Amino acid sequence: MVALALLGTSMIRTSAVLALCGVVMSVAPAGRGENSPPPSVQPTFYHDLTRADGGISVASAGRTENGPPPAVQPTFYQDLARADAMVDARAAQSMISGYRRNNRLEPLAVDPELMRIASEQARAMAARNTMDRDMVRSFQERMREAGIDGSVAIDVGAGYHTLADAFSGWRDSPLHRANMLNRNMTRMGIAAAYTPISKYKVFWALILAGPPGRRG
């Protein structure tokens with residue numbers, strides 16, 4: 001997975017490893033001598049179920065009559081490596097704003113125009129299988145044409161299948177983190193685009209901007 005900040009720095013994340021633990025069980029001999037202790041009870045998974053009185057008790061994995069409904073997966077953990085996937089902008093705004101609050105900064109607001117530009121950026125990168133902030137044309141030129149002439153920044157990335165992973169990648173990269181924690185920023189737009197032809201599958205764009213007319 002790769003992330004690219006405004007200055008063009010890349011980052012590769014490491015993968016996680018899952019280990020499997022083994023279990024050992026000791027079984028006592030089945031015979032009994034005159035002075036020997038009573039035989040141990042045979043574990044139920046060794047019982048012969050071909051007898052008429054044999055049976056298995058199976059617990060249902062579904063919802064019980066009085067049990068709670070199954071938990072809904074938060075949108076920031078949903079896999080976006082599919083054609084109909086869309087980023088939950090409100091979840092992204094909550095996540096990034098919470099990170100800013102933890103650093104004593106003001107939250108961000110989702111901006112429709114920045115959302116449009118971010119979507120254009122992500123789709124262009126996915127179509128060309130390349131990360132470049134100037135993919136469509138100069139990023140600064142696009143900002144000026146949209147009437148955004150204050151503080152602006154862009155974070156792009158690829159290979160992250162969930163919003164949580166993309167946020168973690170940006171947070172752990174100094175340049176991306178500096179953009180998210182820029183005190184001049186008040187607005188944001190975010191988008192992801194899926195492409196089956198790329199090994200990265202999902203391309204990301206996060207655009208940040210300050211109040212209109214304010215220069216950083």
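Helix H4 is largely enclosed by the rest of the structure, because 7 of its 9 residues are buried. Buried here means under 20% relative accessible area, exposed means over 50%, and partly exposed covers what lies in between, with a 1.4 Å probe and protein chains only. The buried residues of H4 are Leu163, Ala164, Ala166, Phe167, Ser168, Gly169 and Trp170. Helices (H or I, at least four residues) and strands (E, at least two) are DSSP runs numbered from the N terminus.

A word on what you are looking at. This is a predicted model, in which local features need pLDDT of at least 70 and side-chain atom pairs count only at pLDDT 80 or more, while totals for chains, interfaces and linings use all residues. Residues are numbered from 1 along each chain as its sequence is written, and side-chain values use heavy atoms, with hydrogens and water left out.

**The overall picture**

The protein has 5 helices and 5 strands, arranged along the sequence as β-α-β-α-α-β-α-α-β-β. Of its 216 residues, 36% are buried. Its accessible surface is about 13,600 Å², and carbon and sulfur atoms supply 53% of that; such areas come from the Shrake-Rupley method with a 1.4 Å probe, and for residues only the protein chains shown count as cover. A contact means heavy atoms within 4.5 Å. Among contacts with a separation of 6 or more, 68% join residues 24 or more positions apart.

Leaving aside residues up to four places away in sequence, isoleucine 207 touches Leu114, Ile117, Ala118, Phe139, Met143, Ala153, Ile154, Arg187, Met188 and Gly189. Although alanine 118 is 89 residues from isoleucine 207 along the chain, their C-alpha atoms are separated by 6.2 Å.

The expected span is 1.5 Å times one less than the number of residues.

| Helix | Residues in helix | First to last C-alpha | Expected span |
|---|---|---|---|
| H1 | 14 residues | 20 Å | 20 Å |
| H2 | 17 residues | 25 Å | 24 Å |

H1 covers residues 89–102. Its buried residues are Ala89, Ala91, Ala92, Gln93, Met95, Ile96, Ser97, Tyr99 and Arg100. They pack against strand E2 (109–110), helix H2 (112–128), helix H4 (163–171), helix H5 (174–180), strand E4 (187–194) and E5.

In H2, the buried residues are Leu114, Ile117, Ala118, Gln121, Ala122, Ala124, Met125 and Ala126. Their cover includes helix H3 (139–145), E3, E4 and E5.

What lies at the start of H1? There, a side-chain oxygen of aspartate 88 reaches to within 3.1 Å of the backbone nitrogen of arginine 90. After H1 comes arginine 104, with a positive phi near 60°, and just after H2 asparagine 129 has a positive phi of about 55°.

**Aromatic pairs**

Rings of Phe, Tyr and Trp (its six-membered ring) pair if their centres lie within 6.5 Å; planes under 30 degrees apart count as stacked, over 60 as edge-to-face and the rest as tilted. The count comes to 3 aromatic pairs. One of them is the edge-to-face pair of tyrosine 99 and phenylalanine 167, at 5.6 Å centre to centre with 85° between the planes. This pair links distant parts of the chain, since tyrosine 99 is in helix H1 and phenylalanine 167 is in helix H4, 68 residues apart. Tyrosine 99 is buried at a relative accessible area of 15%, and phenylalanine 167 is buried at 10%.

Another pair joins tyrosine 200 and phenylalanine 203: the ring centres are 6.0 Å apart and the planes are at 85°, so this pair is edge-to-face. Is tyrosine 200 buried or partly exposed? Tyrosine 200 counts as partly exposed because its relative accessibility is 22%, whereas phenylalanine 203 is buried, with a relative accessible area of 0%.

Definitions and conventions: A polar contact is a pair of N or O atoms within 3.5 Å; within protein, one must be able to donate a hydrogen and the other to accept it, and residues adjacent in sequence count only if both atoms are side-chain atoms.
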